[in-house]
Amino acid sequence: YGFINTCLKSLVVEKYGEEMWEKLRLQAGVQDSFLTFEVYKDEITMQLVDKACKILGVPADMVLREFGEYFFEFCKRSGYDHMLRTLGGNLYEFIENLDALHSYLALSYQAILFFFVFPQEMNAPSFRVEKNEDGSMHLHYYSDRRGLCHIVPGIISAAALDFFNIEISMEIVNQMEEEERTGKKEHIVFLVTQNPVFSYKERNEFSSSSQYLADSEKQVEKQLIKEDLEKAKNTFRERGSSVCPVKKSHWKTIRGIITLGKGKLLRGFDPVYPKSLWIDTKTFCNGLPFHMVFDKELRVKQAGVSIQKIVPGLQTTGICLDHYFSIVHPEVPFTISSIQKFINSQFVFQTRREMMPESWKQRPMLELRGQMIWMESLQCMLYLCSPLLRTLHELEERQMHIADIAPHDVTRDLILLNQQRLAEMELSNQLERKKEELRILSKHLEEEKKKTEALLYAMLPQHVANQLKEGKRVEAGEFKECTILFSDVVTFTNICAQCEPIQIVLMLNSMYLRFDRLTTVHDVYKVETIGDAYMVVGGVPVPVPTHAERVANFALGMIIAAKGVQNPVSGNPIQIRVGIHTGPVLAGVVGEKMPRYCLFGDTVNIASRMESHGVPSKIHLSSTAYQCLKYKNFEMTERGEIEVKGKGKMHTYFLIRNKTATENEIMGRP
């Protein structure tokens, strides 16, 4: 179920981060999230575990053990803390009742078995525990799924430390395969040894005082036994004669916990049994309508009235039980020895269709769930059971009624309560599905938002775009010094006159794609393109002291990049003119429909003049741009004075190369 895979995801994210989970799930080829009660294939979980071992470089047994420890904590955080904590008073009882927990979860959650389980049609593992004389235990683990046994030590160790404050070590002492009703099952035997957990101070205190406490306990017990009979009468006398309460001495307080006349401390409970059973056979069979008694040969000796009504064959004394029923859980052969081996497990019986009356042939088979009790004196087994019914629908399918179940049987309440719980679970599943749909939609929305923002940031500076998104007015800004570049294609008008429009578009697109990549390489801002003209600026909208060097390197890259664009008329590489000027500008956003970030000022005009008065395949510099680059490792040559339209005579220069940068560095190649 999704609960298992969700836990595995949580473990990876918590310990190794979201990136590791993303890498893991992509290699395993699984989805990002799982619905808690949705059934998934075992292969998904196994793939995740396998890829985790390879990516982390950790053996499978270590990964599974860590998963087991984390899974225990995950179950507690998911609301199962109290259920697990009350399973047993010690580790032995805890393990002994694991199968009972599976049975409850199967009943309550419609076969959602999650504790130690990877889902596969209700085939939950089984556990059997044996105590050894030295205080250790042998834990027998049976499972259809091979290779997952290392999860068990992780969970058991975590439970032992959390619930019982003991550290345990578990080692595999036997590993085999056993042929069972459903095929081969892996049978692992763990040796479990327990070590109490003490702090350093507690260990010292315990070691120094343990012998003293043992001796004191023996002395007190002898004293109590010796004085008990003498003081018993006095105690009665005091109780009878005292009108007001009197202060008891220390010894009297201790004697108050003694069973009078017995001389034994009340450390245990000794039940009292009647000499004969005060219930007749008829009442017993009516009061426990679903019980059965059978001997070592599985011959039925006695059965409750309701089970006789459903399976009439049981009215014949001495019939074999395995002719009418099969064992669903635990998955063991139907023999008295197998049943005795799993005596502490809850047993689920299912009626055999071929032995049922005609009226039952079209109905789902009845399942019984209950406890086995071995009666040594009679050499017979008592099966105390109830119908295994989860919902009112299952009750109706078998044409049974609440009245068929004994009033004292909690199955009545469980069916009704579970009906409500299933409705809540269905609502929870729907909410979980909606949540997952919203998560996916949100993810898609975020992706589309990023695309929109990328498009917007391509049109406007990021901080300007963000202000416009927030509905704020963008104030114009003055930049005291920046470097502006213009470029155009030589003989562009002639090329347009001799080519198809699509050829012009393809040529410009090829050129602009190269130039756009260079703006990223040299971190300059592309202002606009008009026809064949391309305009960039350095130092705007973010002022930087290296604006001239950035634009100069960009210009050198443009000359190289243009050689890779073909003139559709001649078939030769196109030629471009480039002009650069440095000076102050005013920048701001103009327009509401398709707003543009524009530059204003004489600096823009002069930069444009540098381009229009330039030479093909040359980078034309104004004197101010030359001064900015003079001591920056650039090779430049003087052009001299030229007549510039609208500006008169101007002293200009040509940029030749960068003395310290290679062509690959200029072009941003690796």
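Among contacts in the protein between residues at least 6 apart in sequence, what percentage join residues at least 24 apart? In this predicted model, the share is 61%. The protein has 670 residues, of which 44% count as buried, and its secondary structure comprises 21 helices and 20 strands.

**Strand S16 and its partners**

- Strand S16 (residues 576-590) is largely enclosed by the rest of the structure, because 11 of its 15 residues are buried.
- Strand S13 (residues 477-489) runs antiparallel to S16 and is joined to it by 11 bridges, with Ile484 having His581 of S16 as its bridge partner.
- Strand S18 (residues 619-621) pairs with S16 in the parallel sense over 3 bridges, and here His620 of S18 is the bridge partner of Gly579.
- Strand S17 (residues 596-600) is antiparallel to S16 and connected to it by 5 bridges, with Leu599 of S17 standing opposite Ala587.
- S16 and S17 together form a hairpin in which 5 residues lie between the two strands, and Gly591 in the turn adopts a positive phi of about 85°.

**Helix H3**

- Helix H3 (residues 42-56) contains 15 residues and spans 21 Å from its first C-alpha to its last, which is close to the 21 Å expected at 1.5 Å a residue.
- Just after H3, Gly57 takes a positive phi of about 65°.

Notes:
Residues numbered from 1 in each chain as written. Predicted model: local features only at pLDDT ≥ 70, side-chain atom pairs only at ≥ 80, totals over all residues. Heavy atoms only, no water. Helix = DSSP H or I, 4+ residues; strand = E, 2+ residues; numbered from the N terminus. Expected span 1.5 Å × (residues − 1). Buried < 20%, exposed > 50% of the residue type's maximum accessible area, 1.4 Å probe, protein only. Contact = heavy atoms within 4.5 Å. Pairing = 2+ DSSP bridges.
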